[in-house]
Amino acid sequence: MDIFQYMYLNTHSYYSLRYGVLAPRALLEELSQRGVKQWAFTDINNTSAALEICKMAPDFGAQIAIGVDFRNGAQQQFVALAQSPIGMAQINKYLSEHLHQHRAFSDQAPEFSDVAVIYPFARNGNRAFDLRPNEYIGISPSDLGRFCYQYGTSIPRHFVALQTMSFRHKQDFNTHRLLRAIDNNSLLSKLPKSEEANPQDLICDQETLFNTYRDAPQLVNNARSLLERCFYEHEQNPRQPKNQNSYTGNTGLDQRLLKKLAQQGLPHRYPSPIKPEVLQRLDKELDLIIQKGFVAYFLINWKIVRYAQSKGYFYVGRGSGANSLVAYLLRITDVDPIELDLYFERFINLYRTNPPDFDLDFSWTDRDDVTDFIFKRFKHTALIAVYNTFKHRAAVRELGKVFGLPKIEIDRLAKGRYQYEALDHMAQYVVRYSKRLIGLPNYLGIHAGGILIAQEPIHHYTATFLPPKGYPTTHFDMIVAEDIGLYKFDILSQRGLGKIKDAVALVAQNHPGHPRIDIHDIKRFKSDPKIKDLLRHAKAIGCFYVESPAMRMLLRKLRVDHYLGLVAASSIIRPGVAQSGMMREYILRYRDPQRRKLAHPTMMALMPETYGVMVYQEDVIKVAHYFGGLSLGEADMLRRGMSGKLRSKKEFAKVKNLFFERCAQAQKPIELIQEVWRQIESFAGYAFAKGHSASYAVESYQSLFLKAYYPIEYMVATVNNGGGFYHIEFYLHEARMHGANIVAPCINNSHAQTRVKGTTVYLGFGLLYALEHSLIKQIVAQRQINGAFEDLDDFIERVPIAIESIALLIKIDAFRYTQKPKRALLWEAHSKLKKNPRPSLQQRIFHTKAKNYTLPSLSNSPLEDAFDQIELLGFALCLPFALLCEAPKNSLTATQLVGLKGQQVTIYGYLVTTKYTKTNKGTLMYFGTFLDQKGAFVDTVHFPPVAKKYPFRGKGIYAISGKVVDEFDCITIEVTHLEIQPIIEDPRYAQGQVSARLQSKHYRNV
């Protein structure tokens, strides 16, 4: 009966999206336990797991053929099995064409070569004698009765046993039905049978199959014969990169070009005479780059940044490649590895098989054009997929819809606000089955910036789909890509570069007489006293990577005012470093030279710049190599494993064991070994490479320069690029603190984006949530062509507009230049647009003035303006404290807290942001950031008992009571009581006494 292990021609994993339920490894384990060693893997319209499962197969002693089960919905058209790499490429190409064009698959397969095609008998029984040589008819167990009746014992060779295997048991099938209902956006009770699998598509043992096909054993022989012709060697050697291997088409020419470009970059980067250490490092790097076959990789990155330079795009090169002198000379990066003494072996070494990482950041407005250039310039190119899996909330919400629960019930379940025993049976089904969906792939997405540039066509490795971006995207993720030797180019976008670029342009517009800003003069920025002051006092709101509350506190604690200090801070702020206790130890050693003596001599010798504390990713390699006795290759494997870039836990465990063994052989104390390992383990997956941190620090310095000298323009640029860590409201507040006058959008001065004239900041129309972009374009175009609008009538005549849109513009006070009250303008607009929504032809030709009427006094108050602004912008332009029902009981501010250390205080603050975290015991605690009555920042800590008793109640002003604490010159309040303060009733709807109270002196001063 062992012939039956060859007859499994159609199996599915959970990459048969919203259909299958088994992980590839689980499928291998299940079949292996049943003694099945040779079988075909054929996911539905997907190749995500094809190469991955082939890589895992030897661990189970399995031999696997691969292909695709082509289906329209749940209806099977045919199964295609590759008989060679050429055949798989054809399958990938055919699948990709249909996925790109969203075309259904036809009943007839194309004329493949090196591909076996199996049609289901149920729909193709009459085609048995109209088949190509490579085509077959598959007989499922449910087809056997009809088949035997029709053909008896005379079975042609083109008929094969086709037992589809998707599930282990009924519970798997039930999960499958839920996935199908989700995919069809259907109630489970309404799911058509045609959209779900046969319940008998079960993974079964050989004896069961033998009994199933006992009346037609030739079908089994035919299936075995077919499957044996579909086994071939799957070459997956990451040591032989599959990236484009030549930039010019000639490797010798590539090498000469790289050397030439590096030599040309020397005088640009280093003054003459060039130091011998630079030339020695360059020769060493070039030799290794050539030896490892990474020349084309460097030249392709060079070509990408050359294109960006030609278009005037700002960019930042970072990643481990930032440790490279060659990258610095080619202007891929702006980090000098000689100045920073960057660890060469983090960038490249003889044992490293993959090329160094280059993360190229572009402005979010420029990245798409750079991507488009790459796809046009390089032939075999694709984006990389990510697997978007079901998370708890998504699973609960989808299943809630499938079971027909009301939205309010779904919301309650998704937020976890329930007792399971108190739920009805339907809600319990949702909760129970949601656990089976969590972790299953839901759909394929796009990696944040990964692009593959291959030597061979992408379809040699995978099928592709076409997301809305319009670029072919692989079915597999970056881990599978690296497994086969395809290494990605990271083309990323960030808003920080957009802010810098836009701020430079705004400065040029607003200060036409000023000299042009050289934003790349980093050397001058490093010594600038104003920038040093911003860093030292952590006045970095809006500045790249240094504006968060945690980073501002760290800068204060370290008293950072120089480049290397900022580089270290950029890495030490990462999560693992803080959790391991190394952040605190670094701060202590930074501030107290005596404490540095506590460092182990080996650690101090390896990392003198950081006082023997591991701060950067390469510190892991140094410590593992010099302290732990690992080879550079083993040390790099350790780093990659801790970064989540190794598939095999066995590989990682092996390296860990080697670390302990070799430390023990060197007779190091076990306590020391365990402590060093704990430090490595706690942070290696989070810390940055030093070159990466240095690249971030360069961008931080550029933004700090703009903040120091042109704060208003820089804050406007920040607003126009979507803000940053904080909400837009607080960047406008920061501009106000630097002397800006923030005004509402104006019909005659505003554009889509916020703009600045002198010190006046006109908010952009784009900040009005409900205003259509097409209308904004019309307003600006009309103004540019025909000049400013004279009055409301002129505006209505020139701009076709609905009453809802003009009411919005009036309420935000965009027509204030008319000097008419908003209520009067609203009355006029309703009167004119309701009776005559569009100006007549006569009015448009002869500019006939609309009739105006004398109106009674229709004034509005500043308070009403504030509530209009909250409604339309999301925040008021006045100080938020002016909207309180009662004025704060004291005027305590952040600057006064320094003199109140250790004392209990109450201070009033406007909530800026909160951060939730968990203690070691798993209880919630919070960190808060507020603005005081003078506009300065106040930082708070809310330990679990207080966090539970006094939770945040949303946006607003709070009375904050607690103890003033000083840690390393960083002032915080340990909160003991927190209470949100009531604001006034909306004056637009207030009447009688309330309305009169709002006109009191306190509120008239808004």
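I take a nonpolar core to be a set of buried Ala, Val, Leu, Ile, Met, Phe, Trp, Tyr and Cys residues joined through side-chain atoms within 4.5 Å. I note that the model is a predicted one.

**Entry 1: cores.** I looked up the largest nonpolar core and found 133 residues in it, of which Phe795, Ile806 and Leu809 touch the most other members. Helix 31, residues 690-709, is the element that gives the most to this core, with 8 residues. I then listed the contacts of Ile806, leaving aside neighbours within four places in sequence: they are Leu792, Phe795, Ile796, Ile801, Phe815, Ala829 and Leu833. Apart from this core I recorded another, of 118 residues, which includes Tyr14, Ala57, Leu209 and Ala382.

**Entry 2: cavities.** How many cavities of 30 Å³ or more does the whole structure hold? My search returned 2.

**Entry 3: the largest cavity.** I noted a volume of about 100 Å³ for the largest cavity. Its lining consists of Phe314, Tyr315, Val316, Gly317, Asp334, Val335, Leu497, His520, Ser695, Val698 and Gln702. Strand 9 (315-318) and helix 31 each contribute at least two residues to that lining. By class, I count 6 nonpolar, 4 polar and 1 charged residues there.

**Entry 4: the second largest cavity.** Here I noted about 70 Å³ of space. Tyr297, Asn354, Pro355, Pro356, Asp357, Phe358, Glu482, Tyr487, Lys488 and Asp490 line the second largest cavity. This lining divides into 5 nonpolar, 1 polar and 4 charged residues.

Conventions: Residues are numbered from 1 along each chain as its sequence is written. This is a predicted model: local features need pLDDT of at least 70, side-chain atom pairs count only at pLDDT 80 or more; totals for chains, interfaces and linings use all residues. Side-chain values use heavy atoms; hydrogens and water are left out. Buried means under 20% relative accessible area, exposed over 50%, partly exposed in between (1.4 Å probe, protein chains only). Helices (H or I, at least four residues) and strands (E, at least two) are DSSP runs, numbered from the N terminus. Contact means heavy atoms within 4.5 Å. On a 1 Å grid over the protein atoms alone, a cavity is a set of points where a 1.4 Å probe fits but cannot get out, and a pocket is an open set with protein on both sides within 12 Å along at least five of seven lines; lining residues have an atom within 4 Å of a point. Grid points are joined across faces, edges and corners, and a volume is the space filled by probe spheres set on the points. Ala, Val, Leu, Ile, Met, Phe, Trp, Tyr, Cys and Pro count as nonpolar, Asp, Glu, Lys and Arg as charged, and the others, Gly among them, as polar.
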